Amino acid sequence: MHPSVITHLRCPVCRESLSPAERALRCARGHSFDIARQGYVDLTAGRAAHTGDTPEMVAARESLLAAGHFEPLAAAIAEEAAGPGLVVEVGAGTAHYLARYVRRNGNVGLAIDTSKAALRRAARADERIGAVRADIWQGLPIADGAATAILDVFAPRSGPEFARVLRPDGRLIVATPGEGHLAELVDALGLIRVDPAKRERLHKSLNPALVLAAARRIRTALALTRADAHALVGMGPSAWHTDPAAIARALEAMPEPIAATLDVDLTVWQLPRPNV
């Protein structure tokens, strides 16, 4: 793990700084956390609320993202440069968006997820990226004010925890599905629909700890193969609620290319400015 990433990590038990040891990270009080053979370290201290995406979901995500269909979103996120320093992606999955960000802007990165299958891939995404298993609801094992930017792409959010981790001039970059996101597949396959109150819930989850600084919409037409469409279903929340065999039969009846719409709201948040 990159030394510039380790310096920002904190022990999940006592909040002391962590230092590299023999295939482990260790704090001054003797708490030790093994670095897995695949390169990530588990800093949940046994407190993770869930295990995250399955290996099948992670493989589907990797396949879909590698095909380039979400490239407009990845490019837009990378354009939100926030200056040098640590960039954290929460719910990072394979660290696709984080890797794109650090390559464009020269940062070091920290991929946070609860899925071990995802972290195995995230740890190999870029030599400047460290991968850590942690649960945002249990608190991130990161020093106060450490991050120049936090990326949250279709992931859980905690306004107070993000505010704690951000530098005073840092920014949180959030991607949430718009009302038309993948609407064609949702209608044809009976997938989970976007909550019409999602925008209001986003603001409620972040404000007043953070304030909205900018907003834009990423919208583009997609032309998918059946394999791409199947991966889209398999990588998201619908994977927990659909029958893969039924989805495969439905897709087989659809002519290629399969039309869908990428529709994402990209918002940028900052810490409130102190009154002068």
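## Backbone exceptions

Arg15 sits in the loop between α1 (3-6) and β1 (18-21). Helices (H or I, at least four residues) and strands (E, at least two) are DSSP runs, numbered from the N terminus. The model is predicted: local features need pLDDT of at least 70, side-chain atom pairs count only at pLDDT 80 or more, and totals for chains, interfaces and linings use all residues. Residues are numbered from 1 along each chain as its sequence is written, and side-chain values use heavy atoms, with hydrogens and water left out.

Most residues other than glycine have a negative phi, and most peptide bonds are trans. Arg15 has a positive phi, near 70 degrees. Its relative accessibility is 38%, so Arg15 counts as partly exposed. Here buried means under 20% relative accessible area, exposed over 50%, and partly exposed in between (1.4 Å probe, protein chains only). Arg23 also has a positive phi, of about 50 degrees. Arg23 lies in the loop between β1 and β2 (24-27). Arg23 is partly exposed, at 48% relative accessibility.

Two prolines follow cis peptide bonds. The bond from Asn207 to Pro208 is cis, with omega near 15 degrees. Pro208 is in the loop between α8 and β10. The bond from Glu256 to Pro257 is cis, with omega near -5 degrees. Pro257 lies in the loop between α10 (244-252) and β11.

## Largest pocket

The largest pocket has a volume of about 1300 Å³. On a 1 Å grid over the protein atoms alone, a pocket is an open set of points where a 1.4 Å probe fits, with protein on both sides within 12 Å along at least five of seven lines; lining residues have an atom within 4 Å of a point. Grid points are joined across faces, edges and corners, and a volume is the space filled by probe spheres set on the points.

The lining of the largest pocket has 50 residues, of which Arg61, Phe154, Ala155, Gly236 and Pro237 lie nearest the centre. Elements that each supply at least two residues include α2 (55-66), β5 (86-90), β9 (166-177) and α8 (198-206). By class, the lining has 28 nonpolar, 12 polar and 10 charged residues. Ala, Val, Leu, Ile, Met, Phe, Trp, Tyr, Cys and Pro count as nonpolar, Asp, Glu, Lys and Arg as charged, and the others, Gly among them, as polar.

## Second pocket

The second largest pocket has a volume of about 380 Å³. It is lined by 23 residues, with Pro177, Gly178, Glu179, Arg199 and Asp265 nearest its centre. α8 gives the most to this lining, with five residues. The lining divides into nine nonpolar, six polar and eight charged residues.

## Helix α8

Lys198, Leu202 and Leu206 are buried in α8. Seen down the axis, the buried residues fall within an arc of 60 degrees, so they line one face of the helix. The arc is that of the directions from the helix axis to the C-beta atoms. The face turned away from the buried side carries the exposed Glu200 and Lys204. The cover over the buried residues of α8 includes α6 (159-165), β9 and β11. Contact means heavy atoms within 4.5 Å.

## Nonpolar cores

A nonpolar core is a set of buried Ala, Val, Leu, Ile, Met, Phe, Trp, Tyr and Cys residues joined through side-chain atoms within 4.5 Å. The largest has 51 residues, of which Phe70, Leu73, Ile77 and Leu185 touch the most other members. A second, separate core of 37 residues includes Val90, Val165, Leu210 and Leu271.
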